[in-house]
Every structure is written in structure tokens, then in C-alpha cells.
Amino acid sequence: MNTKPAPDLVVQNLSVHYGEQVALKDVTLQIEGGQILALIGPSGCGKSTFLRVLNRLVDRSAEAHCTGEVFLGDTRVLDPKTDVVALRRAVGMVFQQPSAFPFSVFDNVAYGPRLQGVRSASRLRSLVESSLKQAALWDEVRGKLRRPAASLSGGQQQRLCIARALAVSPEVLLLDEPTAALDPLSTAKIEELILALRGDYTFVLVTHNLQQAARVSDVTAFFRQGRLIEIAPTRDMFTAPKCEETEEFLTGRYE
Amino acid sequence: MKRQMGMGDQCLYRVVWVGAFSLVVLGIAIFAILFWGTAKFVLAHGLNQSLLGLIYEPTQGRFGLLPFMAGSLVVSGIALAVAIPLALSLAVTVVDMTPRRTETVRQILSGLVAIPSVVFGWWGLSVVVPAIRWISGHSGFSLLAAGLVLAVMILPTLSLLSINALTRVRVQWVEGSLALGATPDQTMGRLILAVSRFPLLEASIIALGRALGETMAVQMVIGGRVLLPHGLVSPGATLTTQILTDMSLLPPGVSGHHVLDFMALLLLAAMYGMVVLLERTRRMSP
């Protein structure tokens, strides 16, 4: 599907302020292209802000101010000269609440390609089909492509959002608590899907579900109060965390 | 239930019940009286000379209502054609503002909504009519003047409703669109406006209702000519203004008095159609 290699993610001394308030402080980390990075930490620790920096959705908050450097492959994400639209095409995002547009299943997936000027009906159809297959949703929605997206279950809508993101051939996928609103079965399907796509895309997954981080990620980063406390290969992190704070969090001594 | 109520509760219950019941009776009574008058009128004069007639000379027994229906439609049409693009532009601009500024705009618009229609009429008389007189060389009292005055009059309501429609679009949808690489303009056109098309249609219907029913502001600038209008700068009349004009000309008892009932019934039917349309639109909204 994706011919471009998944880019490395390099973050150097990233800080984000909302006015006076510090959301992220001096974060430095690095993961290889194609890996799955899981971000864990208590609510309000800056995980979501980190995600929104990577596709510059953080720009929507007028008071947000970012310093430091973020590289996705060769792209300098925070450079004011960077083409945000091109960046966002390369960096897909899936939100916590299923955010399927109030259109048909087909129009949801075709939304991205149409933005880029794809008009041909047959081209759109094949793009929609391949994206839905990639998102493991095709078998459930074939023949129902004209139905409203809202008629799908929550889990299906979330996979639809993944298909929608895949349809513009991104290189990076940002997942902001993609299973927070789903039942265990739908959650399992999303996790299977992430594992199936591993290697083709660089993933950054924010999750409140520690088992989920342990199950799907290659690298885990633990954030607290805007600081990166620890980052390590997932297996090491969950068996032998280096920092006391990480251990306290993983064993549930504070939330 | 009722048996458990105390004396005070029962008393209150009756008062409320009487209030609700009299409202229903009042509604039916208005409709019945208009219908009765219309029936009497149609039996006496026929439909051809009234509903479908072009010439209105009540003293000669000719009651053609087409000029007024045309006048109402043209005037409301001008008002919508001018007001909708302006309101939409305002709404599109406001949506990208910070919440505090949006609130300021809302407050200003709410203030404008409260202006009595006679003030708009007076403004039309002192500004719009002379302007049209100066440009066209005609008297200035015209369908165009009435349409423009109505456009300005419905603009605050229409803008307010349009802003509400656009700001109700969910943040996740907007961010989902941006995250797919849509420019702000593409997000506006393909998502926000597409999602709010039915609420926007609803706003237009409400505005059309207000325009169609307005009397005083229109009467002050339209010129009151009872012939079928030839052009936008020629004077004319609407169903509402003609009722106002002929109230004194055709008092009860005079032959043709019931043509007023007929005109009122036509207006009522148009407004009712609008309400039905509104309900349908609401049901189609996502």
C-alpha cells in the first residue's frame, strides 16, 4: 500500500506552553520508522498535546507556543515554513471519540482523496475499497457503502476513521486513545489492526490502557506533568522500569 | 393522581387547563372566522375574479389578488436574495473567531433583532427610497425599496441563526477534516457548510416567514399601487400592506369587505406552509 518508508520520529527539547501554563517541558525522544510508540501517563500529563504537535493541530489554540525541534523523516514539523497541509496528509490521526463525518461510509473514506483532487469514480472506489480492506472493515460494510456512517457500531466507526486516515496514504498514524470508548471485543479488533499495520507506518498511540501499551507497542514513553519521565522498549519498561515514578504508575499506586 | 391533589393544586390545575384550552379555542376561532368570511366572499364573487384576477378595483366589484401575491413573493424574494449571502458571509467569518469575539458579535446582533420594524421603515423612507429615486429616476417607492428594507430587517435574525448553525458543527469533525490535510477553506466548504445545510435552510425559512408577514416597514416604502408590478423599481403592494390599506375603505357591511378575510387566509396558509416546511427540514437535520 504505502510505498514510502515510514519515517523516523526525532524530538529534541520540545516544550509547549498554553499562555502561562506549561503543557510539555523539554521532551527529547527518538523512535525508528515503522515502530509503535505508546504514550502513557496520568490525565493532563501532556500526552495528547504531544500528539497534536506532531500534526500541528496544536496551532488551533491561539495561545499555544512550541519550542524545540521535531523531525518526521526530513520534515521539520515546527518550522513555520513547513507546509501544514502536506504535513497533515503525511500524518494521519484518529481521535478518542469516533469522529466519523455525518456522511455515508463511502464519503467518509473518500473525503481525503477528494481533497487532493481525485475525481474519477473508479479511482475513488478502488481507494475506498483498499482502505477499508486495510482497516479490516471491508467485509462488514461492503454493500452498505451508501449508508450513513452513524449506522455503524462504535468500533466499526473507529475503524472507519482509521480507513479514512489510510486513504490519503500517510506515513505516520497518531492514535489518541482510539479504544477509550469501545467494548473489549472492538478494542481487540483495533489492536489486531494496529499490529497488522505495524512496520508500514510509524505509530504514536496515546492510551490509558496499560495492557494495551504492553500488547501492541515497541517502545513506551511515560509522561508526568508535562515531562518525559522514562522511555524504554516496552518489554523492559513493563518488567523492569528504571524510575521509581514509572513503577508506581505501572503498579497503580497513583493515577 | 387527581384524587391525591390538595385544594391549592386542584385550583392551579384548573387555571392552567383553562388557559391552555382557551388558546386552542382562540386559534381555531381565528381560522374559522377567516374561513367563514372567505367562503362568503367566494360564493358571492367566484374564484376567477379574485384569486386568479389581475385587476383590483373593490368599488367596481373586481377583486384580483394576483398583484398582491406577486408583490409578496417578489419583495420576500429580494429580501432573501440580498440577506442570505450577507448573513452567510458573516457567519463564515465569525466561526473562525475566538469564542469571546463570537459572543460579542452575537450580542450586537441580538441588539439589532430588537429594533422595531417601523424604525426600519423610517430608515427605508429616509435613505433607501431617495437612493432608488436618485439612481432610477422613478419615484423610489418600489418593490425594490421594500425588498431592501426587509433584507436589512431580517439580516440580524438570519445571521444569528446561521452563526448558531455553523458553530454547532462538532469540533471532532472539524479537527478530523483538518487532520486529513484539508485547508481551512476546504473544511468550511466540504464539511461545515455541508453538515449545516439543513439548519441553514431552516434559518432561511424562518427569515422568509418574517419577511412575508411584515407589514409596516413595507407599507412605508412600497408605494401602494394595486397593479401587477412591471419591474423592480415600480411601486406595488403585498397581501399584508393591502389589508392595512383597505381596512378603512372596506369596513364591515360594505360589499367586498370579506376580500380582507380572503387575503388574511392566504397569508395564514402561506405561513402554515412555511411551518410545515420547517418541521420537515428539522427532521432531515443530522
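Tutor: Domain bounds are taken from an automatic or database domain assignment, which for chain B gives domain 1 (2–45) and domain 2 (69–256). The C-alpha centres of domain 1 and domain 2 of chain B lie 34 Å apart. The model is a predicted one, in which local features need pLDDT of at least 70 and side-chain atom pairs count only at pLDDT 80 or more, while totals for chains, interfaces and linings use all residues. Residues are numbered from 1 along each chain as its sequence is written, and chains are lettered from A and ligands numbered from 1 in the order in which they are written.

The part to examine is helix α7 of chain A, residues 184–197 (helices are DSSP runs of H or I with at least four residues, strands runs of E with at least two, numbered from the N terminus).

Ile190(A), Leu193(A), Ile194(A) and Leu197(A) are the buried residues of α7(A) (buried means 20 or more other C-beta atoms within 10 Å of a residue's own, exposed 12 or fewer, partly exposed in between, with C-beta atoms placed from the backbone). These four cover an arc of only 100° around the axis, and therefore sit on the same side of α7(A) (the arc is that of the directions from the helix axis to the C-beta atoms). Pro184(A), Leu185(A) and Ala196(A), on the other side of α7(A), are exposed.

The partners of the buried residues of α7(A) are β3 (36–40), α6 (154–166), β8 (202–206) and α8 (210–216) of chain A, contact being C-beta atoms, placed from the backbone, within 7 Å. Just after α7(A), Gly199(A) adopts a positive phi of about 100°.

Elsewhere in chain A, four strands make an open, antiparallel sheet in the order β2-β1-β4-β5 (strands pair if DSSP finds at least two bridges between them). Its edge strands, β2 (21–31) and β5 (75–76) of chain A, each pair on one side only. Strands β1 (9–18) and β4 (64–72) of chain A pair over eight bridges in the antiparallel sense, and Val11(A) stands opposite Val70(A) in β4(A).

Between the chains, the contact takes 17 residues from chain A and 15 residues from chain B.

Definitions and conventions: Contact = placed C-beta atoms within 7 Å. Expected span 1.5 Å × (residues − 1).
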